[in-house]
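The sequence and structure are shown first, and the commentary follows.

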Amino acid sequence: MHTIVGQEGDGSYSVLTLPPENAAPREMVQGLAEREFVTRVATVERERRPRWVFASVERGYPALVSAGVRLSRCHDLGLAEGLLLSHEGRDGQPKGLAAALARASGLEPPPDAPAHTDDQPALFETQGSGLPQGVSVVDAMATVLAEQERRVRRAGHPERMRLLIAAESASALVAAEMSADGLPWRADVHDALLTELLGPRVPAGQRPKKLVELAGRISEAFGGKPINPDSPPTIVRAFSREGISIRSARAHVLREIDHPAVPWLLEYRELARLHSANGWNWLDEWVGDGRFRPAWVVGGVVSGRWASQGGGALQIPKTLRVCVRADPGWKLVVADAAQLEPRILAALSGDRKLAEVAASTDLYARLSEAMFSKVDHESRDRAKIAMLSAMYGGTAGEAASLLALLRQRFPAAVSYVERAAGAGERGERVRSWLGRTSPAPSAAWRALTGGLAEDEATEGRARQAARNWGRFTRNFVVQASAADFTAVLLATLRQRLPASAQLVFFQHDEVIVHAPDEVAPEVPTVIDSCVADTVSLVFGASCPVRFPMHTAVVDTYADAK
DNA sequence: ACTTCCGAGCTT
DNA sequence: CCTAAAGCTCGGAAGT
């Protein structure tokens with residue numbers, strides 16, 4: 001059963017329930033004020049648990065969450081439209097409701113309405129959505145939903161596309177709930193750390209004491225001329241005056257130089273980075289009430305990985321993990337999927353031998369055994385480079401010869417990624433396991449690689465561009481399938497975690513659950529059973545690949561691993 | 001003064 | 001950096 005919710009042009013809310021297979025008449029409730037609407041949604045969820053249909057979960061769900069309503073299942077029309085359009089090779093088209101409705105009616109879609117900029121965001125952004133006059137938003141949504149279901153049935157693997165849309169939609173619920181709950185963050189611990197490393201807090205725009213001292217030492221080391229260590233060109237020029245020529249002022253370049261300024265510069269860099277990216281300003285702006293609340297962007301990366309907006313939520317430096325602490329009487333359960341991508345490749349490609357290797361918790365050790373008949377540190381490292389080169393298209397150093405050996409031992413897995421690379425080089429699109437589709441290369445790319453090269457330089461550039469795109473599609477099939485997997489895992493976890501436990505962080509292959517002391521010990525077991533179900537849902541019950549999780553129950557994130 | 005670009009570094 | 005790629009954010013510098 002689907003229940004469609006939307007806000008009409010006059011600001012009132014509508015709730016349209018569609019019984020399965022027309023078993024009963026549709027049930028429309030219109031003209032609801034916001035408070036009645038929230039109550040109605042909560043009641044229907046409690047009594048009937050439908051699949052809720054949103055134009056956009058990201059825009060519509062946060063208001064429900066802050067009113068204390070949590071929904072079990074949903075379908076996000078906008079996210080589904082994006083997945084379907086790119087699957088169909090039409091991803092340049094607008095994804096908004098009006099555009100989707102036009103397409104469903106066989107009309108030319110109007111351009112997407114610009115994102116609204118109200119200071120008071122509405123529950124559902126449908127005002128100004130460009131729907132024809134007199135068309136009810138929820139009626140339009142019902143039409144689009146039915147059309148999307150037809151399009152799913154026409155996909156190469158309808159059941160996989162259905163799962164992908166459900167998981168992507170559930171991810172959007174998770175993202176909104178994570179933003180609302182927030183990651184536990186101890187501002188006092190963070191402040192103490194900053195003070196210890198940088199000196200006492202100073203007003204914004206000023207250098208803390210420690211940085212002032214280091215800048216002074218750097219200037220002295222260059223003979224007393226004032227140097228701004230924040231300016232890379234200034235650093236390059238300063239070394240040039242000392243007779244040292246460097247191409248850039250990057251840390252790894254500086255490390256090669258023998259000069260008294262280098263250690264001070266490196267120390268300055270590290271601390272200045274902490275100060276500018278995660279200093280007191282960051283703390284003021286992003287942490288409140290003991291929580292860090294970033295905005296999460298589901299599917300913000302073409303591969304289906306999430307991005308974040310504000311606060312650099314996916315770039316939290318490891319040194320600050322000590323600030324992530326469970327509340328008193330609570331624990332953090334930190335879980336990451338060990339060596340996820342090679343396991344995904346084993347499952348994707350159906351490579352039996354790689355699946356056997358993936359039966360081990362330490363996949364790279366077993367791989368080393370299979371490739372070199374030994375598992376010492378060096379062999380394990382080389383096995384790892386071989387595998388990562390296969391997935392990323394690396395060619396530096398020993399990579400090419402190691403890859404050749406890997407291909408010999410695991411032809412099915414290696415040819416899977418090499419076929420994806422070949423498709424990319426020809427400008428074709430590739431798909432993840434559940435059907436997320438890579439974007440088409442740009443017109444500039446086609447022009448460069450498609451034409452007959454006039455000279456060698458152009459031909460070289462064309463070949464380079466083709467190889468680069470091949471590397472992208474090679475990686476896409478693995479990274480995007482890993483994102484499929486983690487989306488389904490998130491959806492499953494969200495349903496199964498004890499009610500008092502909260503998902504508070506997600507980073508590509510890692511989750512953090514904040515749970516009361518009494519329930520924390522059972523969370524790792526729940527996670528393991530969710531992983532098992534995810535493997536069956538995504539790859540089928542007979543999938544031989546294991547996906548072990550590293551799970552730790554800790555007080556602070558820094559203690560995980 | 002404002003916008004846009006670049007270098008740098010952090011995570012996976 | 002030493003295996004790739006993408007995304008976010010900052011500060012400086014150049015352009016308007």
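Phe 222 is buried, with a relative accessible area of 8%; buried means under 20% relative accessible area, exposed over 50% and partly exposed in between, for a 1.4 Å probe and protein chains only. Phe 239 is likewise buried, with a relative accessible area of 0%.

A search of the whole structure finds 17 aromatic pairs. Rings of Phe, Tyr and Trp (its six-membered ring) pair if their centres lie within 6.5 Å, and planes under 30 degrees apart count as stacked, over 60 as edge-to-face and the rest as tilted. Phe 222 and Phe 239 form an edge-to-face pair, with 5.0 Å from centre to centre and 80 degrees between the planes. This pair links distant parts of the chain, 17 residues apart: Phe 222 lies in the loop between α8 (209-221) and α9 (232-241), and Phe 239 lies in helix α9.

## Basis of the description

The model is predicted: local features need pLDDT of at least 70, side-chain atom pairs count only at pLDDT 80 or more, and totals for chains, interfaces and linings use all residues. Residues are numbered from 1 along each chain as its sequence is written, chains are lettered from A and ligands numbered from 1 in the order in which they are written, and side-chain values use heavy atoms, with hydrogens and water left out.

## Strands and sheets

Helices (H or I, at least four residues) and strands (E, at least two) are DSSP runs, numbered from the N terminus. Two strands pair if DSSP finds at least two bridges between them. Strand β1 (residues 2-7) runs parallel to strand β4 (residues 51-54), joined by three bridges, and His 2 stands opposite Arg 51 in β4. Four bridges pair β4 with strand β5 (residues 73-76), also in the parallel sense; here Phe 54 stands opposite Asp 76 in β5.

Together, β4, helix α2 (residues 57-66) and β5 make a right-handed β-α-β unit. A crossover is right-handed if, with the strands pointing away from the viewer, the path from the first strand over the helix to the second runs clockwise.

An open sheet of three strands has the order β6-β8-β7, with antiparallel pairing. Its edge strands are β6 (183-184) and β7 (287-288), each of which pairs on one side only. Two bridges join β6 to the antiparallel strand β8 (residues 291-292), where Arg 291 is the bridge partner of Pro 184.

## Further aromatic and charged groups

Five residues deserve mention together: Trp 296, Trp 306, Phe 505, Phe 506 and Tyr 557 form one aromatic cluster.

Arg 160 lies over the face of Trp 433, at 3.8 Å from the ring centre. Arg 217 lies over the face of Trp 264, at 4.8 Å from the ring centre. A charge sits over a ring if NZ of Lys or CZ of Arg is within 6 Å of the ring centre and within 35 degrees of the ring normal.

## Buried helical positions

Helix α13 (residues 340-349) is largely enclosed by the rest of the structure, because 10 of its 10 residues are buried. Among them are Glu 341, Arg 343 and Ser 349. Gly 350 follows α13 and has a positive phi, near 65 degrees.

Val 152 belongs to helix α5 (residues 137-154) and is buried, with a relative accessible area of 6%. Val 152 touches Leu 84, Pro 158, Met 161, Arg 162 and Ile 165, not counting residues up to four places away in sequence; contact means heavy atoms within 4.5 Å. Val 152 and Leu 84 are 68 residues apart in sequence and 7.6 Å apart in space, C-alpha to C-alpha.
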